[in-house]
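Please walk through this structure with me, from its overall make-up down to a few side chains.

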Amino acid sequence: MSFTILLSLSSDEACCQIFGRPALVTLPGFMRAAAVGIGAFTLWLAIFKHEPSDGSSVEDPKTVYKQLFGIIRRPMIIKLASILLLYKVGMAAGDSLLVPRLIKMGVPKETFATIALLTFPFEPLFAYITVRMSSGARPLRMFPVAFVARLILCAAGAAVVLVWQHVIVDAGVSPNSSDSTAQGNLPPASPPPVVVDGV
């Protein structure tokens, strides 16, 4: 997430589209700010946060691993692990190829940087909503709904690529030009004839 924000805020084109000015940060400035923030947060944890002491002794690592192996052998844990390992199969192609394919067909990289910057404030909000909705007696009740929605969005992304390929690219329309839609595949206009005095 921080890498995407860095790319957005260090891009002149993306910042001009959103803020009307050139790049807001540079890589050295971003690294210094990140180092100060991480150091301050670590110091705050070390000073103000402490592990609660309940008086219980630390278990032997061998006992802990035995308990762990006993848990992962349970049928429900095996089913859950299988789902988590395989659920990305239906959306792996869309996640991996959608943005590179659109960039290859002419969509500027700055457009995706702008989208990432605009959606950044909503990510913590959606994470909080997800945590609230997944708590309770049935914490996985939202997983089937989100999985189906994700598959639909991947199919929609594939449809966008298909439409862009046949309607925009095959028609010879450049997505970076505002007047290219009207020109289509028309050849360039011939230069005006040269008029020589006396001819």
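Helices here are DSSP runs of H or I with at least four residues, numbered from the N terminus. By that definition, leucine 45 is found in helix 3. The model is a predicted one, and the confidence values below should be read with that in mind.

The protein chain contains ten helices and zero strands. Read from the N terminus on, its elements run α-α-α-α-α-α-α-α-α-α. Of the 199 residues in the protein chain, buried residues make up 11%.

Confidence is not even along the chain. The mean pLDDT of the protein chain is 77, and 78% of its residues reach 70 or more. Among the elements, helix 3 (residues 27–48) has the highest mean pLDDT, at 89, while helix 10 (residues 180–183) has the lowest, at 42. The pLDDT is below 50 over residues 177–186, and in the model this stretch has nine contacts beyond near neighbours in sequence.

Next comes the surface. The accessible surface of the protein chain comes to about 15,800 Å², and 70% of that belongs to carbon and sulfur atoms. One nonpolar surface patch, of about 630 Å², is made by Phe41, Leu43, Trp44, Leu45, Ile47 and Phe48. Leucine 45, a member of this patch, has a relative accessible area of 35%.

The aromatic rings give another way into the model. How many aromatic pairs does a search of the whole structure find? The search finds five. In one of these pairs, the ring centres of tyrosine 87 and phenylalanine 143 are 5.8 Å apart and the planes stand at 65°, so the pair is edge-to-face; the cut-off for that class is over 60 degrees. Tyrosine 87 lies in the loop between helix 5 (75–86) and helix 6 (92–104), and phenylalanine 143 lies in helix 9 (residues 143–169), so the pair ties together parts that are 56 residues apart in sequence.

Tyrosine 87 is partly exposed, with a relative accessible area of 27%. Phenylalanine 143 is partly exposed too, with a value of 30%. Together with Phe147, Tyr87 and Phe143 form one aromatic cluster.

Terms used. Residues are numbered from 1 along each chain as its sequence is written. This is a predicted model: local features need pLDDT of at least 70, side-chain atom pairs count only at pLDDT 80 or more; totals for chains, interfaces and linings use all residues. Side-chain values use heavy atoms; hydrogens and water are left out. Rings of Phe, Tyr and Trp (its six-membered ring) pair if their centres lie within 6.5 Å; planes under 30 degrees apart count as stacked, over 60 as edge-to-face and the rest as tilted. Helices (H or I, at least four residues) and strands (E, at least two) are DSSP runs, numbered from the N terminus. Buried means under 20% relative accessible area, exposed over 50%, partly exposed in between (1.4 Å probe, protein chains only). pLDDT is the predictor's confidence in each residue, from 0 to 100. Contact means heavy atoms within 4.5 Å. Accessible areas come from the Shrake-Rupley method with a 1.4 Å probe; for residues, only the protein chains shown count as cover. Patches are made of residues with over 30% relative accessible area and no salt bridge: like charges are joined within 9 Å, nonpolar side chains (Val, Leu, Ile, Met, Phe, Trp, Tyr) within 5 Å. A salt bridge is a side-chain nitrogen of Lys or Arg within 4 Å of a carboxyl oxygen of Asp or Glu.
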